[in-house]
Amino acid sequence: MSSFTPTDHVLMAQALRLAERGLFTTQPNPRVGCVIAHGDEVVGEGFHPRAGEPHAEVFALRAAGERARGATAYVTLEPCAHHGRTPPCADALVAAGVSRVVVAAEDPFPQVAGRGLGKLRDAGIAVDIGLMREASRALNVGFFSRIERNRPWVRVKLAMSLDGRTALANGESKWITGEAARADVQRWRARSSAILAGSGTVLADDPRLTARIDQPFAPPLRVVLDRQLRTPAGSHVLDGSAPTLLLHAEGAAVPAHLQDVDRAVVPAADGGLDLAATLTLLAARGCNELHVEAGPTLCGALLAAGLADELLLYVAPLLLGDAARPLLQLPLLQDMGARWNLRVLDQRMLGQDLRLILRPA
C-alpha cells in the first residue's frame with residue numbers, strides 16, 4: 001500500500017476539481033483532471049473538456065513545458081495507452097520526463113486497463129495508485145458502469161408530495177416542486193448521456209426531455225420507450241432540438257412522421273419492452289448516465305427489476321390526498337422482509353423542497 005503525503009492529497013483533490021469542470025461535456029468519455037507539480041508548487045494543470053479533444057494530461061504538460069521534467073503528475077484516471085482520437089497520454093508523460101505519477105483510479109476500458117500504468121513503470125517512472133479512488137469513481141459513475149457492467153448508471157428522478165403523491169387524479173402535476181428544485185433537475189439532466197421516458201409520459205405530458213442550463217453541455221439523447229410507436233406528430237421529442245431515439249417492439253408499424261426518426265428494436269417483455277436489453281443497447285451507444293423521468297409504472301419496473309441504481313427524490317411540503325397518483329407502482333408485498341430498503345447518500349434543502357439521493361441498500 002502506497003503512503004500518500006498531505007501534499008499528495010491536496011493536489012489530487014485539485015485534480016478532481018479540475019475533472020469536474022468536464023461534468024457536462026465529456027460524454028461518452030470520462031471526466032479527468034491532471035495536476036503537475038514539484039513538491040507543492042504546481043507547474044501545470046488541465047482537464048479533459050470533450051471527446052475528440054486532448055486529454056487532461058496533455059493540457060497539463062503543455063502548461064508545464066520543460067518544468068514537467070522530474071515532476072509528479074497527479075491524474076484522476078489511469079493515463080490512456082492506446083491511439084484513439086488522440087495519442088496515448090502515457091507516452092506523453094514518458095516523453096515529458098515526469099518522475100512520478102499518482103493515479104486515483106484504474107481505467108477499466110479494455111484498451112487501457114493496466115497498460116497505461118505498465119508503460120509508465122517500464123519507463124522507470126514511479127507509479128502510485130488509489131489516492132481518492134472512490135471520489136474518482138463517483139465522478140465517473142456512469143463510465144465505470146458502462147465499461148464494467150455493460151449498462152449505464154440508471155438515475156430515476158421523482159418528485160412527490162409529503163403524502164407520497166406525484167400528480168392529481170386527473171394527471172395535473174405542474175408544479176409540485178419549486179423553482180430551486182426544478183433548476184437542480186436541469187443540472188442532473190445536463191450531466192446525463194440520455195434522458196428516458198415512456199410513451200405514456202410523452203402522450204400525457206408532451207415533455208421536451210432537454211436540459212436547460214447557462215453553460216456549455218452536450219445535449220443528452222432523448223430516449224422514448226414506445227413499444228407500438230405511438231409518439232404523435234408534433235411531439236416536443238421530435239422537434240430536432242436534441243437527438244431522439246425511439247425504442248420499439250419488433251413488427252411495430254412505423255407511421256410516416258417517424259420514418260426518419262432514429263429507431264431501434266428491443267425485445268418485448270411483460271407487456272412492454274425488455275428493460276435489461278434496453279440498457280445494454282444504450283451502453284453500446286456510449287450512454288454512461290441514464291436519467292429517467294417517467295411515470296410510476298416504468299419507474300417502479302426499473303426499481304423492482306434491480307435496474308435503478310439511484311433515486312433522485314424531491315419532496316415538496318404539500319399534500320395531494322389519497323386519490324392522487326402514487327410515486328411508484330411496485331409488486332404487492334406479503335411481508336416486511338420483502339420490502340425495498342434504501343440508503344440515503346445525500347439530503348439537502350432546495351428552497352422549500354427536500355432533495356434526497358438514495359440507493360438500494
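Biologist: Where does UniProt place the feature "binding site" that takes in S173?

Modeller: The unreviewed UniProt entry puts that feature at S173, R189, L209, R212 and E293. Keep in mind that this model is predicted.

Biologist: Take L209. Is L209 buried or exposed?

Modeller: The idea is a cut-off: buried means under 20% relative accessible area. L209 has 2% relative accessibility, so L209 counts as buried. L209 sits in the loop between helix 8 (199-205) and strand 9 (221-225).

Biologist: Which residues does L209 touch, not counting those up to four places away in sequence?

Modeller: Contact means heavy atoms within 4.5 Å. On that basis L209 touches R189, I195, A197, R222, V224 and V237. R189 is itself on the UniProt list. Check the backbone too: phi of L209 is near 55 degrees, a positive value in a residue other than glycine.

Biologist: And R212? Which residues is R212 in contact with, leaving aside its neighbours within four places in sequence?

Modeller: R212 contacts Q186 and R189. R212 also lies in the loop between helix 8 and strand 9. R212 has a relative accessible area of 49%, so R212 is partly exposed.

Biologist: Now helix 1. Which residues of helix 1 are buried?

Modeller: In helix 1, D8, L11, M12, A15, L16, L18 and A19 are buried. They cover an arc of only 155 degrees around the axis, so they are on the same side of helix 1. The face turned away from that buried side carries the exposed residues P6, V10 and R17.

Biologist: How far does helix 1 reach from its first C-alpha to its last?

Modeller: Helix 1 (residues 6-19) reaches 20 Å over 14 residues, close to the 20 Å expected at 1.5 Å a residue. Its buried residues pack against strand 1 (33-38), strand 2 (41-47), strand 3 (72-75), strand 4 (100-103) and helix 5 (133-139).

Biologist: What is the peptide bond from Q27 to P28?

Modeller: That bond is cis, with omega near 0 degrees. P28 lies in the loop between helix 1 and strand 1.

Biologist: How many cavities of 30 Å³ or more does a search of the whole structure find?

Modeller: Rolling a probe the size of a water molecule over the atoms shows where empty space is left. Here the search finds 1 cavity of 30 Å³ or more. The largest cavity holds about 40 Å³ of space. Q27 is among the residues that line the largest cavity, together with T26, N29, R31, N140, V141, G142, F143, N288 and E289.

Biologist: Which element gives the most to the lining of the largest cavity?

Modeller: Helix 6 (residues 141-149), with 3 residues. Then look at N150, in the loop between helix 6 and strand 6. N150 has a positive phi of about 60 degrees although it is not a glycine. N150 has 41% relative accessibility, so N150 counts as partly exposed.

Biologist: One last site. Where does UniProt place the "binding site" that includes H55?

Modeller: The unreviewed entry gives H55, C80 and C89. Although spread over 35 residues of sequence, they cluster in space: the largest C-alpha distance is 9.0 Å. C80 is in the loop between strand 3 and helix 3 (89-96). C89 is in helix 3. C80 counts as buried at 6% relative accessibility, and C89 counts as buried at 1%. Leaving aside neighbours within four places in sequence, C89 contacts H55, E57, V58, P79 and C80.

Key:
Residues are numbered from 1 along each chain as its sequence is written. This is a predicted model: local features need pLDDT of at least 70, side-chain atom pairs count only at pLDDT 80 or more; totals for chains, interfaces and linings use all residues. Side-chain values use heavy atoms; hydrogens and water are left out. UniProt positions are given in the numbering used here, feature names are shortened, and annotations may be inferred rather than shown by experiment. Helices (H or I, at least four residues) and strands (E, at least two) are DSSP runs, numbered from the N terminus. Buried means under 20% relative accessible area, exposed over 50%, partly exposed in between (1.4 Å probe, protein chains only). The expected span of a helix is 1.5 Å times one less than its number of residues. The arc is that of the directions from the helix axis to the C-beta atoms. On a 1 Å grid over the protein atoms alone, a cavity is a set of points where a 1.4 Å probe fits but cannot get out, and a pocket is an open set with protein on both sides within 12 Å along at least five of seven lines; lining residues have an atom within 4 Å of a point. Grid points are joined across faces, edges and corners, and a volume is the space filled by probe spheres set on the points.
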